[in-house]
Amino acid sequence: MNGAGIMLMSGDVCCGSVCTTDKVSDLIEQLQYTLGEGPCLDAYHQDRPVLEPNLGNPSTPRWPAFTGPAVEAGVGAVFGFPLHVGAVRLGALNLYRDRPGSLSDEQHADAMVMADVATEALLVLQADAPPGTLAAELEAGADFHYVVHQASGMVAAQLGVSVTDALVRLRAHSFGNDRPLTEVSQDVVARRLHFDDRNGEKDPLP
């Protein structure tokens, strides 16, 4: 592998990236967070490994928004492994390499062990944190996009929808206007952008 990353999720909401090993793995995490699609999200939701040995020429096309930027960044193959303890799911481990190719049986087994080790590490770090908070050790160096979560809550209130649906609207606006999700969220929080269910997104009235 050329790089790896760990993404935390809660329910249907992606919390963000705990850590990445290089610029490309960081981009992979950012793309998945912004676009709401990719191997980590599928691995988390399906609770099974999601393997794409040839991202540039897959046998079954998937992740239409994610694939192009990831391939352009040099990703040849990408693999997502769920982080879970029994029925409790925490997120996913992302692995990538710069050339196409399937994992060998030994590599697949090693990746499963890595996912278990990462899960145990997350649980140990979080063990002493107060209920409803994230351990300081996990927050250090992590990228949890708090402004996006805040904006999702505001859009949910504006539209009378769930936070999950509000995040979908934010992502759609970000993708449709070719703007980073965090930048769009900052506009919502600063009240420069308001979501209206009748007229779509609009600037706030003076």
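User: In which helix is serine 185 found, and why is serine 185 called buried or exposed?

Analyst: In this predicted model, serine 185 is found in helix α8. Its relative accessibility is 0%, and buried means under 20%; serine 185 therefore counts as buried.

User: What does serine 185 touch, leaving aside residues up to four places away in sequence?

Analyst: Serine 185 touches Val147, Val148, Ala151 and Leu170. A contact requires heavy atoms within 4.5 Å.

User: Where is aspartate 178, and what makes it buried, partly exposed or exposed?

Analyst: Aspartate 178 is found in the loop between α7 and α8 (181–189). Its relative accessible area is 71%, and the term exposed applies over 50%, so aspartate 178 is exposed. Its phi is near 55°, a positive value in a residue other than glycine.

User: Which residues of α3 are buried, and what covers them?

Analyst: In helix α3 (residues 64–72), Ala65, Phe66, Thr67 and Ala70 are buried. The cover over the buried residues of α3 includes α1 (23–35), α2 (39–46) and α7 (163–176). An α-helix has 3.6 residues a turn, so residues three or four places apart point the same way.

User: What makes a group of residues a nonpolar core, and how many residues has the largest one?

Analyst: The members must be buried residues of kinds such as Ala, Val, Leu, Phe and Trp, joined through side-chain atoms within 4.5 Å. The largest nonpolar core has 17 residues, and those with the most contacts inside it are Leu55, Trp63, Phe66, Ala70, Val75 and Val78. At least two residues of this core come from each of β1, α1, α2, α3 and β5. Helix α2 gives the most to this core, with 4 residues. Apart from this core lies another, of 16 residues, among them Leu8, Leu95, Ala111 and Ala118.

User: Which residues does leucine 55 touch, not counting those up to four places away in sequence?

Analyst: Leucine 55 touches Trp63, Phe66, Thr67, Ala70, Val71, Val75, Gly76 and Val78.

User: Why is strand β1 said to be largely enclosed by the rest of the structure?

Analyst: In strand β1 (residues 3–10), 7 of the 8 residues are buried, so the strand is largely enclosed by the rest of the structure.

User: How do you know that β1 and strand β5 pair?

Analyst: Pairing requires at least two bridges between the strands. Here 6 bridges join β1 to β5 (residues 88–97), so the two strands pair, and they run antiparallel. The bridge partner of glycine 5 in β5 is asparagine 94.

User: How many helices and strands does the protein have, and what percentage of its residues count as buried?

Analyst: The protein has 8 helices and 7 strands. Of its 206 residues, 41% count as buried.

Methods. Residues numbered from 1 in each chain as written. Predicted model: local features only at pLDDT ≥ 70, side-chain atom pairs only at ≥ 80, totals over all residues. Heavy atoms only, no water. Buried < 20%, exposed > 50% of the residue type's maximum accessible area, 1.4 Å probe, protein only.
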